[in-house]
Amino acid sequence: MDTGSPADIEHDLEFVSRIRLPDQSELSTLNAQIIRRLKSYGNISLIPGHAKATLVLHAVQRQCKGIGLLQDLHIDQLTSRYESGLLTLCDNAVKDMDFSQIMLISQFWKQREDGPVVPTILTGPCLYRIMNNIEEMYAISMAPTSAGNPDKVYMNYASIIQSSGSGKSRLVDEVAKYVFTIPFNVRTGAEAKNGAYPPPDSEIRNLLTEWGNFKSNTQIYRNYLCFLVALFECTAAELDAVVGWKDPSGDHPAVWRRHLAQPGKRDNLYMRVQTQAEEIIKILERDVPDVAEIQDRPKSSVSNHVARAQSALKTLLNKIPGDAHGIKVLVYFDEAHVLADAWMNRVNDREVQQLVPLDLLVRAISDREMDLVSSHMRTVYSIPRSREYLRSGYSSEPILAEAAARQLHSWRTQQGSSDPDPTLAILNDNLAHDLLSRGEIGEAVGRLLLIQARDRASLNTYGEENINFSRAVPVVAFIEALFPKNIADEFLDSYPDNLPVRKDSLTLREAYEDAVINFTHFVKWADDSAPTQEAALGAYIRHAAAICRNNAPMADAFIPILWKRNSTLCPESMTGLILQFKLRTVAGGAAAYAITQEQLPKPMFPASVDKQRPYMTMVMDLGVSPSPSLLAQTPTNADSKGAHARKAQLEKSKYAPGVSTDQQSSPSKATIQSAPTRKLHHRRSVHPRYGIYVCGCSPSVYAVIDESERSKYKHIIRNGDLLGEHPRQDKDSLSGVRRQKPFVFEGPESWHWLLCKASKKHGEEDKGHGLDTEHADAAYIILGNLVGGEDVS
C-alpha cells in the first residue's frame with residue numbers, strides 16, 4: 001500500500017498503488033460520469049466544504065463500483081475523521097476535473113478480498129448500467145437542490161419495459177446479488193401452465209388483484225398500506241432465521257437471495273405476509289366498517305397505518321448493513337402489468353381517454369406496438385421523458401429469424417392448396433388499419449417476395465429433411481425461385497449491361513456460378529454504409545439483408561452475396577444485389593431507375609479496387625396497374641400533363657358502372673437491360689453490372705405469387721388508395737366520391753359551392769365551372785346552406 005500522498009494531506013489518509021486504476025480511456029469516462037453526477041446537485045463550487053466533500057466522495061464511490069470500490073463504506077465517518085485532508089483533495093479534484101486520487105483512497109479498498117462482491121463492467125454491462133441509473137436517480141432526488149425542481153425529482157419506483165424473453169427477470173435477479181431485494185412474480189396462472197419462468201407467487205397475486213375490484217381508491221390505498229406493514233414486519237422477522245446474516249463481512253444481499261431460493265422459504269414468507277395483511281385489514285374494518293366513511297375521512301382512516309408502515313420499514317433498514325446514503329431495499333414486481341390490468345378494469349373509458357389523450361389512430365398504433373412488444377418479441381429501444389409513446393423495433397436476431405422461418409414452413413405444410421401464403425395473410429392483417437404509408441407498403445411487399453423466394457430456394461436446394469433456412473443458398477437458385485422460368489432464364493443468360501460483350505464476357509449464370517446468398521431477415525441501416533463490401537460482410541455473417549436509410553439515393557435495400565462460396569470471409573470476397581422498390585401506377589422504365597454502384601453515396605467497392613467484381617441491380621416497380629387506374633389518381637394541378645392525360649382518358653373510357661379494372665389484362669413485365677453495342681469510355685476496372693427491371697406484382701413476373709393470391713397482392717398494394725379501391729371506376733361514380741371532399745383539388749368537385757363568375761375579357765364567355773385563379777376581378781358567389789340553415793347566395 002502506497003503512502004505517497006500529497007504533502008498538504010494528513011498522513012493518516014493513505015492511498016493504494018495507481019495500478020488499481022483502469023486504463024486512461026475508462027478513467028476519462030469515469031471522470032466524465034462523476035462530473036455529470038455532481039452537476040446534477042447544482043453548482044458544486046457554491047456548496048460548503050464538508051457537504052461538498054461528502055457529495056464528491058459519494059459520487060466517486062457510486063460511479064467507480066465497477067473498478068472495485070467498496071460500497072458499504074460510511075462516507076460520513078470518513079469525512080469526519082479526515083476532514084481537512086479530504087476537503088483539499090476534493091477541492092483539487094473538482095478544480096482539475098480529475099478524481100483519480102480520490103479513487104485511490106485506501107479506505108475504499110480495505111477488506112476488498114473478504115468484503116462483498118460488487119458488480120463490475122465485466123459482470124455485465126446491463127447490470128452495471130441499471131444499478132448506476134437507479135442509484136443516480138435516487139441520489140438526485142435526495143439532493144438538497146432537487147427540492148422544488150421538477151426536472152430533478154424522481155419517484156422511488158421505475159418500470160422495466162421490454163419484450164418477453166429478453167431477460168428482465170434475470171436482470172433484476174442479478175441486481176438482487178448486490179442490493180437487498182424482495183422479489184414478487186405476479187404472472188397469471190395460465191401463463192405459468194404454459195411453462196413461463198419464473199413461477200408466480202400466486203397468493204400475493206390473488207391478494208393484490210382482488211383489491212383492484214374495489215370502487216374506493218381510499219380503500220385500495222388502505223389495503224396496500226396494510227400489505228406493506230405485513231411485508232416489512234415479516235421480512236425483518238425472517239432475517240433472524242437467515243444463516244450467515246449476522247456475519248459482518250458477509251455479502252448480505254446475496255445471502256438473502258440464496259435464502260429465498262431454498263425450497264419453501266419464499267412461499268412460507270409470503271404466506272405469512274398474506275395472513276398478516278388480511279388480519280390487519282380485518283382489525284381496520286372492525287374499527288371503520290363503512291366504506292363510505294373511509295372515503296369521507298381518508299386521512300384519519302389510514303394515518304395510523306402510514307406510521308406503522310414507516311416504522312416497520314425503518315426496523316427492516318436498520319437490520320440491513322450498508323451505506324445509509326444508498327439504496328438498501330429494492331421491491332420488484334415481475335409481470336406487473338397484471339396489477340395494472342386489475343386497476344384498469346375499474347376505470348371507465350372516459351377516464352382512460354383523460355389519462356391517455358391520444359387520437360384514435362395514435363392509440364391504435366400505440367396499442368398495436370405494445371401488443372407486439374408483449375407478445376411478439378418486439379424490442380423496446382427507448383421511452384421518451386413524456387412517456388406518451390415508445391421507440392421499438394425488431395433487431396437483428398438470427399436465431400429468432402430462423403425460428404420464424406421454420407414456423408412459417410410448418411404453417412405452409414399444414415394449409416390447403418387454395419390458402420394464401422401465411423406471410424401474405426400476416427402482412428394483409430397488419431395493413432388493415434392503415435398504419436403504413438403507400439411507400440412503406442411497397443417496400444414491405446418487396447421484402448416479402450424476396451424472403452419467400454429465399455425460403456423456396458432453400459427447400460429446392462436442400463430438400464425438406466433437416467430443414468435449416470440459415471444455410472447459404474446459390475444465387476442462381478434464388479433467381480430461379482423468385483421469377484418464372486422464362487424471366488429467370490433470360491436474366492441468368494444476360495450479359496453485363498454496362499460493358500460491351502467481348503469473347504471473355506460472362507453471363508450472370510457463369511459469373512455467379514459459385515456465389516451464394518444467406519439472409520433470413522432485413523435490418524434497418526441508419527447511414528449510407530449499407531451497400532459497401534464491409535457492411536455486406538457483417539450482414540452476411542448475421543444472415544441479414546439491409547434496409548437502406550430513409551430517402552437514400554438509388555438504393556432501398558441490399559442483399560449481400562458471397563461471390564465464391566469457399567473463399568475466405570472478408571470484404572474483398574463480397575458483392576451484392578442492390579434493390580429499389582417502386583409503387584407507381586405508371587411504369588417509369590428501366591433507364592429511368594438505373595442503379596450504378598459508383599454513384600452511391602458510399603460505393604460498394606472502393607475506388608482502389610482494380611479486380612473486377614460483378615454486382616446485380618433490381619428495380620421492383622410493384623404498383624403498376626392497368627391504365628384506367630389514372631381515373632382514381634388525385635389531381636394536383638389542373639394544367640399538368642397528368643391532369644390532361646386523365647381528362648383524355650375519362651373521355652375515352654368505355655367501362656360501364658360497376659366494371660372493375662381487375663378484369664383488364666395485367667401490364668406486368670420484366671426488362672433485362674441489354675449490353676451496350678457501342679464502346680463505352682469506362683476505366684478498365686469498371687465492375688460488371690447485371691440489371692433487371694420488374695414491372696407489376698403478379699404471377700406473370702414473380703414465381704412466388706400464386707394465381708389465387710393475385711387479388712390479395714393487388715389489395716395490399718392499393719391499400720391507402722381511396723379512389724383506386726372504389727368498386728365503381730366510371731367517371732360519375734368517382735366524381736361523386738370526390739364531391740364528398742376526402743381531399744381538395746383544383747376541380748369542380750371541390751369548389752362547386754364557390755361559383756366563380758369571372759368578368760368578360762376580350763370576348764370571353766362567363767366561366768362557372770370551377771375556381772378561376774387567373775382573373776383578379778372575379779366575382780365569387782357562395783352557394784348552399786352554410787350558416788343558420790339559410791341559403792346564402
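C234 has a relative accessible area of 7%, so with the cut-off at 20% it is buried. This is a predicted model, and that holds for everything I say from here on. C226 is buried as well, because its relative accessibility is 0%. As for disulfides, the structure holds zero.

C234 also turns up in a nonpolar core of 37 residues, where L207, L231 and A312 are among the other members. In general, nonpolar side chains in soluble globular proteins tend to be buried together.

That core lies apart from the largest one. The largest nonpolar core has 86 residues. Which residues have the most contacts inside it? They are F483 and Y702. Helix α20, residues 438-462, supplies the largest share of this core, with nine residues.

Let me stay with Y702 for a moment. Setting aside neighbours within four places in sequence, Y702 is in contact with L449, L482, F483, P484, M620, L622, V694, G696 and C697.

Next, a helix. Helix α1 covers residues 24-39, which is 16 residues. From first C-alpha to last it reaches 22 Å, close to the 22 Å expected at 1.5 Å a residue. Its buried residues are L27, L30, N31, Q33, I34, I35, R37 and L38. Note that N31, Q33 and R37 are included there.

How many cavities of 30 Å³ or more does the structure hold? There are two.

Last, the backbone. Most residues other than glycine have a negative phi.

N466 has a positive phi, near 55°. It sits in the loop between α20 and β5, the latter being 473-474. Is N466 buried or exposed? At 68% relative accessibility, it counts as exposed.

N551 also has a positive phi, near 60°. Its loop runs between β8, 544-547, and β9, 557-562. N551 is exposed too, because its relative accessibility is 76%.

That is the end of my list. I will take questions now.

Conventions:
Residues numbered from 1 in each chain as written. Predicted model: local features only at pLDDT ≥ 70, side-chain atom pairs only at ≥ 80, totals over all residues. Heavy atoms only, no water. Disulfide = S-S within 2.5 Å. Buried < 20%, exposed > 50% of the residue type's maximum accessible area, 1.4 Å probe, protein only. Helix = DSSP H or I, 4+ residues; strand = E, 2+ residues; numbered from the N terminus. Expected span 1.5 Å × (residues − 1). Core = buried A, V, L, I, M, F, W, Y, C linked by side-chain atoms within 4.5 Å. Contact = heavy atoms within 4.5 Å. 1 Å grid on protein atoms, 1.4 Å probe; cavity = no way out; pocket = protein on both sides within 12 Å on 5 of 7 lines; lining within 4 Å. Points joined across faces, edges and corners; volume = space filled by probe spheres on them.
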